[in-house]
Amino acid sequence: MTPNQLNVEKIDDKQFHLLGGQVLQSIELALEAADEELDLDLDIERQGGNVINIRFRDRSVIVVNTQPPLHEIWVAAKSGGYHYRWSGTLSKPLWLDTKTGRELMGDLSEFASTQAGIPVKITLQA
């Protein structure tokens with residue numbers, strides 16, 4: 001997936017903080033629901049407001065954090081480190097990896113599924 005640069009809405013620092021906070025909250029809510037439904041035995045910990053550590057049963061970790069100066073969301077998983085840049089509109093949020101063009105929530109679902117050993121779906125909450 002690649003963004004259509006004409007449709008990307010520019011965001012300022014205040015909007016980034018709001019959108020980044022919404023993404024982190026969506027991730028937490030989706031993982032808490034998945035943990036309850038699938039008994040994943042996750043430990044989800046928020047640090048400093050802008051970092052989430054997700055510990056899996058096998059002690060592996062995924063870290064998701066916002067990078068305000070760059071307006072990016074960074075993810076560190078077993079498979080590597082990834083940087084997602086705002087590529088959407090306020091009505092249709094979209095964060096795409098700066099190298100692959102892949103979408104944040106799809107990638108995060110894949111990373112969590114790999115580390116949990118079963119399919120896990122993470123989506124943006126409305």
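## Phe-111 and the aromatic pairs

In this predicted model, Phe-111 has a relative accessible area of 7% and is therefore buried. Tyr-82 also counts as buried, at 17% relative accessibility. Buried here means a relative accessible area under 20%.

The model contains three aromatic pairs. In one of them, the ring centres of Tyr-82 and Phe-111 are 4.7 Å apart and the planes meet at 25°, so this pair is stacked. The pair joins distant parts of the chain: Tyr-82 belongs to strand β5 (residues 80-86), Phe-111 belongs to helix α2 (residues 104-116), and 29 residues separate them.

The rings of Trp-86 and Trp-95 form a pair as well; their centres lie 5.2 Å apart with planes at 70°, so the arrangement is edge-to-face. Trp-86 is buried, with a relative accessible area of 8%, and Trp-95 is buried with a value of 2%. Ring pairs connect Phe-16, Trp-86 and Trp-95 into a cluster.

## The overall fold

The protein chain has two helices and six strands. Read from the N terminus, the order of elements is α-β-β-β-β-β-β-α. The radius of gyration of the protein chain is 14 Å, close to the 14 Å given by the globule rule for 126 residues, so the chain is as compact as a globular protein of that length.

Along its principal axes, the C-alpha trace spans about 40 × 30 × 25 Å. Of the 126 residues in the protein chain, 43% are buried. Among contacts with a separation of 6 or more, 43% are between residues 24 or more positions apart.

## The nonpolar core

The largest nonpolar core has 31 residues, and those touching the most other members are Ile-27, Ile-54, Ile-62, Val-64, Trp-95 and Ile-122. Two or more residues of this core come from each of α1 (13-38), β2 (51-55), β3 (61-67), β4 (72-77), β5 and α2. Helix α1 supplies the largest share, eight residues.

What does Ile-122 contact, leaving aside its neighbours within four places in sequence? Its partners are Ile-27, Ala-30, Leu-31, Met-105, Leu-108, Ser-109 and Ala-112.

## Helix α1

Helix α1 contains 26 residues and reaches 37 Å from its first C-alpha to its last, close to the 38 Å expected at 1.5 Å a residue. At the start of α1, a side-chain oxygen of Asp-12 comes to within 3.2 Å of the backbone nitrogen of Lys-14.

Thr-66 lies in strand β3. With a relative accessible area of 7%, Thr-66 is buried. Apart from its neighbours within four places in sequence, Thr-66 is in contact with Phe-16, Gly-20, Leu-24, Asn-50, Glu-72 and Ile-73.

His-71 is located in the loop between β3 and β4. The side chain of His-71 makes a polar contact of 2.7 Å with the side chain of Asp-13. Leaving aside neighbours within four places in sequence, the residues in contact with His-71 are Ile-11, Asp-12, Asp-13, Phe-16, Tyr-84, Arg-85, Trp-86 and Trp-95. The C-alpha atoms of His-71 and His-17 are separated by 8.6 Å, although the two residues are 54 residues apart along the chain.

Asp-39 follows helix α1 and is found in the loop between α1 and β1 (43-47). The phi of Asp-39 is near 50°, a positive value in a residue other than glycine. Asp-39 is exposed, with a relative accessible area of 54%.

Arg-59 is placed in the loop between β2 and β3. Its phi is near 75°, again a positive value in a residue other than glycine. At 75% relative accessibility, Arg-59 counts as exposed.

Note on methods. Residues numbered from 1 in each chain as written. Predicted model: local features only at pLDDT ≥ 70, side-chain atom pairs only at ≥ 80, totals over all residues. Heavy atoms only, no water. Phe/Tyr/Trp six-rings, centres within 6.5 Å; stacked < 30°, edge-to-face > 60°. Helix = DSSP H or I, 4+ residues; strand = E, 2+ residues; numbered from the N terminus. Buried < 20%, exposed > 50% of the residue type's maximum accessible area, 1.4 Å probe, protein only. Core = buried A, V, L, I, M, F, W, Y, C linked by side-chain atoms within 4.5 Å. Contact = heavy atoms within 4.5 Å. Expected span 1.5 Å × (residues − 1). Polar contact = N/O pair within 3.5 Å; in protein donor to acceptor, adjacent residues only side chain to side chain. Rg over C-alpha atoms; globule rule 2.2 N^0.38 Å.
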